[in-house]
Amino acid sequence: MGERIKQLRCAIYTRKSTDEGLEKDFNSLDAQREACAAYILSQSSEGWVQLADHYDDGGYSGGSMDRPALQQLLGDVAAGRVDVVVVYKIDRLTRSLADFAKIVETFDAADCSFVSVTQSFNTTSSMGRLTLNVLLSFAQFEREVAAERIRDKIAASKKRGMWMGGPVPLGYEVRDRKLLVVPEEAATVRDIMQRYLKSDGVPSLVEELERDGVVSKRRQMRDGSVKGGTPFRRGALAHLLSNRIYLGLITHKGKAYEGEHDAIVDQELFDRVQAKLALNQGRARGTANASRTSILVGRVHDDHGRPMTPCHTQNHGKHYRYYASIPRDGSKHAAVRFPAPDLEGAVVKAIGSFLSDRNRLWLSFGELPDAGLLNAVAAAGRLASKLRSTEGTALKNKLAELDLRVTVGERSINAILNLACLTGTKIEGKAGSNTVEIDVPTTTRSHGHEKRLRLNPPARSNAAPNQALVDLLGRAFEARDTLLAMDDTDVAAMPIRQRRHLERTAKLSYLAPDIVIAILDGSQPAHLSARKLVRAASLPLDWAAQRGMLLAN
């Protein structure tokens with residue numbers, strides 16, 4: 001009885017670089033499989049048996065191992081389920097020598113053989129390995145030459161202005177491999193560029209377009225799915241704004257050539273957009289960088305009435321933002337530049353401090369009814385809290401609601417708020433207007449031909465209460481309690497000078513509650529001292545009048 005032949009399990013691997021023709025009843029993968037199956041059948045006397053599993057990679061390049069069927073095959077080999085791998089040609093398995101070395105290492109570890117139907121060799125011998133490496137070298141060379149031919153063809157075609165594929169930009173459609181203008185989308189492109197010129201930059205324009213329902217181009221893919229039609233993101237919008245295809249040009253490796261398609265925007269509009277993009281290239285590129293948003297753009301002037309616009313410089317890889325005044329022809333005044341974070345921080349801090357200061361609010365709101373006054377103060381406090389917790393574009397919008405105007409002078413920064421915007425109701429301030437002014441002291445120093453402003457050190461916060469004032473309030477309430485406990489006989493028996501002093505001191509217990517609270521927490525104006533409070537002649541009982549007498553400078 002003869003020796004029993006060992007059965008060898010054979011897996012057929014097929015691959016095609018493109019998916020062209022795979023929809024046919026008999027395609028390239030079927031032809032490869034049929035040839036490999038016939039070869040396995042011819043070796044049936046040696047115990048070769050074809051496995052039923054299919055390892056087919058249709059539309060995958062041989063230059064990468066990132067192929068689903070190949071990865072499944074390598075997994076089965078490593079698991080010991082395959083004894084022989086059969087391919088039509090070596091380059092069907094891989095075109096890379098480096099990848100081939102990894103594959104053969106996997107085969108050797110699992111004691112798996114490798115056979116090419118059209119190239120006869122044995123990978124278990126050194127000569128077989130040498131032959132295989134030579135064949136793979138030619139396969140890789142052929143692949144690289146083909147890639148070079150394709151690149152040269154694309155370059156030559158683009159120099160002639162031909163559209164060579166890729167995502168179709170908003171404003172165009174492709175017919176017969178040519179770009180044709182879509183009028184409705186072209187109008188959207190022009191509108192986006194016009195909007196950008198009026199905006200603070202790409203981040204704020206993204207929010208504006210999303211709010212108005214402007215979306216990216218919808219594209220139908222080969223598999224029937226639809227991509228696009230979604231709100232613009234910063235990268236996509238920046239690419240649209242700088243895409244020279246809208247000038248009727250085709251670009252290749254940084255160079256532009258006259259295209260076969262029609263332009264959507266004119267050169268003048270495109271150049272203005274590029275100039276603004278270049279100016280803003282150092283600004284924030286995301287919500288994480290919201291602190292770089294120029295929140296005062298369009299709202300700040302110098303003390304000569306010249307607008308101050310955002311600008312930036314770069315030094316050692318760091319960006320520095322400024323607000324700089326725009327010089328006027330014939331002006332004798334030098335341009336002023338101020339560090340943007342300092343200016344923005346000072347203004348926002350000053351506004352927040354004002355909105356949180358009950359004493360200044362009482363004075364600014366004027367002769368409001370008590371209920372209206374309390375509502376206005378409460379609204380100001382809520383807004384102060386929002387300003388502290390907001391940044392970037394959201395903070396910029398909050399300042400716009402306040403109708404903020406800022407003037408940067410040599411000695412101070414002046415911020416003007418609209419009180420009606422502040423509370424949502426029409427309010428007449430102390431001076432008879434709807435506005436209130438807030439000043440932040442500054443100093444000036446010369447730097448070459450330019451004046452630069454610096455903030456003065458901020459006033460000390462969280463000051464300790466004035467103990468003399470606190471003691472005076474304590475004596476005032478004690479004096480009131482003493483007077484209330486006396487009867488007419490006690491009053492008549494008291495010396496006149498002592499009684500008058502007691503009455504004058506007790507009158508201070510009827511101060512407005514906000515003045516009392518300010519004294520107790522140390523937030524009263526610096527000019528309000530115990531001496532001034534004691535000497536306040538004919539202190540009125542009306543709280544509004546008290547505020548005007550004691551809190552105003």
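This is a predicted model: local features need pLDDT of at least 70, side-chain atom pairs count only at pLDDT 80 or more; totals for chains, interfaces and linings use all residues.
Let me begin with how the model is to be read. Local features need a pLDDT of at least 70 and side-chain atom pairs count only at pLDDT 80 or more, while totals for chains, interfaces and linings use all residues. Residues are numbered from 1 along each chain as its sequence is written, and side-chain values use heavy atoms, with hydrogens and water left out.

I turn to the chain as a whole. The chain has 20 helices and 19 strands. Here helices (H or I, at least four residues) and strands (E, at least two) are DSSP runs, numbered from the N terminus. Of the 553 residues, 40% count as buried. Buried means under 20% relative accessible area, exposed means over 50%, and partly exposed lies in between, with a 1.4 Å probe and protein chains only. Contact means heavy atoms within 4.5 Å. Among the contacts with a separation of 6 or more, 61% join residues 24 or more positions apart.

The next topic is helix packing. At what angle do α6 and α9 pack? Helix α6, residues 183-198, and helix α9, residues 267-279, pack at about 45°, and their axes are 10 Å apart. The axes are lines fitted to C-alpha atoms, for helices over the stretch in contact, and angles run from 0 to 180 degrees between N-to-C directions. The two helices α6 and α9 are therefore oblique to each other. As to the cut-offs, angles under 35 degrees count as roughly parallel, over 145 as roughly antiparallel, 65 to 115 as roughly perpendicular, and the rest as oblique.

The crossing of α6 and α9 is left-handed. A crossing is left-handed if the near helix is turned anticlockwise from the far one by less than a right angle, and right-handed if clockwise. On the α6 side, the contact is made by Met193, Gln194, Tyr196, Leu197 and Lys198. On the α9 side, Leu269, Phe270, Arg272, Val273, Lys276 and Leu277 take part. By class, this contact of α6 with α9 has seven nonpolar, one polar and three charged residues. In this scheme Ala, Val, Leu, Ile, Met, Phe, Trp, Tyr, Cys and Pro count as nonpolar, Asp, Glu, Lys and Arg as charged, and the others, Gly among them, as polar.

Helix α6 also packs with helix α7, residues 202-211, at an angle of about 130°, with axes 10 Å apart. That angle makes α6 oblique to α7. The crossing of α6 and α7 is right-handed. Ile192, Arg195 and Tyr196 in α6 meet Val202, Leu205, Glu208 and Leu209 in α7. This contact of α6 with α7 has five nonpolar, no polar and two charged residues.

Is His261 buried or exposed? His261 sits in the loop between β11 (255-258) and α9, and is buried, with a relative accessible area of 7%. A polar atom of the His261 side chain lies 2.9 Å from the backbone oxygen of Ile245. Beyond its neighbours within four places in sequence, His261 is in contact with Tyr172, Leu179, Ile245, Gly248, Leu249 and Ile250.

Ser294 lies in the loop between α9 and β12 (300-302), and is buried at a relative accessible area of 1%. Its side chain makes a polar contact with the side chain of Arg321, at 3.4 Å. A polar contact is a pair of N or O atoms within 3.5 Å; within protein, one must be able to donate a hydrogen and the other to accept it, and residues adjacent in sequence count only if both atoms are side-chain atoms.

Leu93, in helix α3 (residues 90-93), is buried at 0% relative accessibility. Leaving aside neighbours within four places in sequence, Leu93 is in contact with residues including Tyr13, Arg67, Phe107 and Phe114.

Finally, I consider backbone angles. Most residues other than glycine have a negative phi. Which values does phi take at Asp176 and Asp403? Phi of Asp176 is near 55°, a positive value. Asp176 lies in the loop between β6 (172-175) and β7 (178-181), and counts as exposed at 75% relative accessibility. Phi of Asp403 is also near 55°. Asp403 lies in the loop between α13 and β16 (405-408), and counts as partly exposed at 31% relative accessibility.
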